[in-house]
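Me: I would like to go through this structure step by step. Could we begin with its aromatic rings and then turn to the sheet?

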Amino acid sequence: MCHSDKEYLEKLRVHATETRTFLNNKMKPERERSVSRAFLRALGVPFQESELIAPTVEPADVAFRDTQFQIRDLLNHKRGADWEEREKKYGSAASLDEVTEPGSSSTPIGMETLIPEVASALYEKAQKYGRDCKRLDALVYVDLKNRFLAPNSKVKNTEALKQQGWRSVSLLFTPYGVVLFAAGDAPSFLREAYVGSRLYLEPNQILEIVS
């Protein structure tokens with residue numbers, strides 16, 4: 001193995017190790033802040049880092065001004081296991097050829113498919129928090145392997161989400177931030193985004209990728 005390969009493999013291994021640490025339960029507050037941070041950037045909302053407060057008073061996960069985010073992940077893979085496998089692979093590899101993988105194709109997913117999945121992902125939390133949902137802003141981080149959000153997909157049929165009682169429901173599907181609905185007493189930036197009823201993506205905007 002040449003020196004450059006060895007250095008690069010070590011960087012990959014360290015990155016995998018750090019990502020596994022980030023996915024640890026102890027890092028849950030920081031992960032939730034990172035989701036909130038990325039969502040605000042996707043919507044183009046300016047903010048100071050000090051405005052993202054976690055942990056906060058239950059049942060909110062992250063407080064941002066008058067917003068009370070309740071964070072939920074929507075996954076189709078086991079992130080911890082995936083990164084553990086990568087860490088072992090990078091650590092035992094003798095060359096970059098051993099860790100090079102063929103490109104995988106991704107398929108689009110539209111809102112008509114995604115919204116019922118979001119409702120299902122939030123169902124247990126809605127049952128748990130009951131009336132408290134009326135002061136909570138649900139934010140679902142969508143991390144679906146080999147899927148991407150279909151551009152210009154229309155937001156509709158959100159009745160199941162509204163019936164759960166949330167003040168608002170939004171999703172982060174990097175690089176998009178989408179407000180699925182916002183009640184009249186929801187924070188103003190969420191209501192303004194909801195009025196647009198479209199996907200938000202700023203041209204050439206660099207967004208934080210949440211691992």
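Aromatic pairs and the sheet

Reply: A search of the whole structure finds 3 aromatic pairs. Rings of Phe, Tyr and Trp (its six-membered ring) pair if their centres lie within 6.5 Å; planes under 30 degrees apart count as stacked, over 60 as edge-to-face and the rest as tilted.

Me: How are the rings of F39 and F69 arranged?

Reply: Their centres are 6.0 Å apart and their planes stand at 90°, so F39 and F69 form an edge-to-face pair. F39 lies in helix α2 (residues 28-43) and F69 in strand β3 (residues 67-75), so this pair ties together parts that are 30 residues apart in sequence. Helices (H or I, at least four residues) and strands (E, at least two) are DSSP runs, numbered from the N terminus.

Me: Are F39 and F69 buried or exposed?

Reply: F39 is buried, and F69 is buried as well. Buried means under 20% relative accessible area, exposed over 50%, and partly exposed in between (1.4 Å probe, protein chains only).

Me: And what about F64 and F189?

Reply: The ring centres of F64 and F189 are 5.8 Å apart with the planes at 80°, so this pair is edge-to-face. It links distant parts of the chain, with F64 in strand β2 (residues 62-64) and F189 in helix α6 (residues 188-196), 125 residues apart. Both F64 and F189 are buried. Ring pairs also link F47, F64 and F189 into a cluster.

Me: Before we continue, what kind of model is this?

Reply: This is a predicted model, in which local features need pLDDT of at least 70, side-chain atom pairs count only at pLDDT 80 or more, and totals for chains, interfaces and linings use all residues. Residues are numbered from 1 along each chain as its sequence is written, and side-chain values use heavy atoms, with hydrogens and water left out.

Me: Now the sheet. What is the order of its strands?

Reply: It is an open sheet of 6 strands in the order β1-β2-β3-β5-β7-β8, with mixed pairing. β1 (52-53) and β8 (176-182) stand at the edges with a single partner strand each, so one side of each has no neighbour in the sheet. Two strands pair if DSSP finds at least two bridges between them.

Me: How do β1 and β2 pair?

Reply: β1 and β2 pair in the antiparallel sense over 2 bridges. L52 stands opposite F64 in β2.

Me: Which strands does β5 join?

Reply: β5 runs parallel to β3, and 7 bridges join them. R72 stands opposite V140 in β5. Another 5 bridges join β5 to strand β7 (residues 168-173), also parallel. In β7, L172 is the bridge partner of Y141.

Me: Why is β5 said to be largely enclosed?

Reply: In strand β5 (residues 137-143), 7 of the 7 residues are buried, so the rest of the structure largely encloses it. D137, L139, Y141 and D143 point one way, while A138, V140 and V142 point the other way.

Me: Where does α2 lie?

Reply: α2 lies across β1, β2, β3, β5, β7 and β8, running at about 90° to β8. Axes are lines fitted to C-alpha atoms, for helices over the stretch in contact, and angles run from 0 to 180 degrees between N-to-C directions.

Note on methods:
Contact = heavy atoms within 4.5 Å.
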